[in-house]
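Take a look at the fold shown here. We will walk from its sheet to one of its pockets.

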Amino acid sequence: MVLISIQPFAVKKIFLYVLALVCLSSAACFAQSSLLLVAATPYDHQMTRIQPVLTSKIASSKNVSLDVVNRWMADLRAIPYGFTPQWKTPAEVQVGPVADCKGKAVALYQKMQAAGAQGVKLVIGKRTSLSRKTHAWLEWNTGAGNYVLDPTINWNAYRAEQVGNGNYVPLYAYSGARKYRAAASGLYAQN
């Protein structure tokens, strides 16, 4: 006598299949990588010129308006782009004829620190997940939401959820004396 199973798949296999589908469908939820506090980053030696800006004392906490930040971004965006291998200080950005993403981001960081903005990070990462070179911008975490501040490309601040998956992929970040590595940066650090 031959017994034929009505159930073509074992319950275990079905469960594993459903679990795999759930995990893959939720992968998009992990697009925003978290930042892990680290003792050092590969960019530390380059940051010595701007270390005083990063570690300067924040002015007394004030409510910095988005309109003011957008005005600062527009002023920096108006400076023509010109790559320099060295990180420029904010003073060099203001008097120079050109500035790159590093200089503009540091200049905006200094303005925000001087105005008392809290939750500001200087980020080094990829402009898009397909970018071959790194880019620098700021992330600003406020009670009203999280913003991406890129005075090299954008005239205004964008809410983090507006930039879309695959854009502004952080690798490392600096905030004051703290240094961070993105939890998912291993994939990009190899490229």
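Predicted model: local features only at pLDDT ≥ 70, side-chain atom pairs only at ≥ 80, totals over all residues.

Residues are numbered from 1 along each chain as its sequence is written, and side-chain values use heavy atoms, with hydrogens and water left out.

Start with the sheet. Strands of a sheet pair through backbone hydrogen bonds, either parallel or antiparallel. Here 7 strands form an open sheet, in the order 1-7-6-2-3-4-5, with antiparallel pairing. Strands are DSSP runs of E, at least two residues long, and helices are runs of H or I, at least four, all numbered from the N terminus. Two strands pair if DSSP finds at least two bridges between them. Strand 1 (35-38) and strand 5 (158-159) are the edge strands, each pairing on one side only. Strand 1 is joined to strand 7 (residues 178-182) by 4 bridges. Leu-35 has Ala-182 as its bridge partner in strand 7.

Now the pocket. A pocket is an open set of points on a 1 Å grid over the protein atoms alone, where a 1.4 Å probe fits, with protein on both sides within 12 Å along at least five of seven lines; lining residues have an atom within 4 Å of a point. The second largest pocket holds about 260 Å³ of space, a volume filled by probe spheres set on the points, which are joined across faces, edges and corners. Of its 15 lining residues, Phe-83, Cys-101, Lys-102, Thr-134 and His-135 are the closest to its centre. Helix 5 (101-115) and strand 3 (134-142) each supply at least two lining residues. Strand 3 gives the most, with 3 residues.
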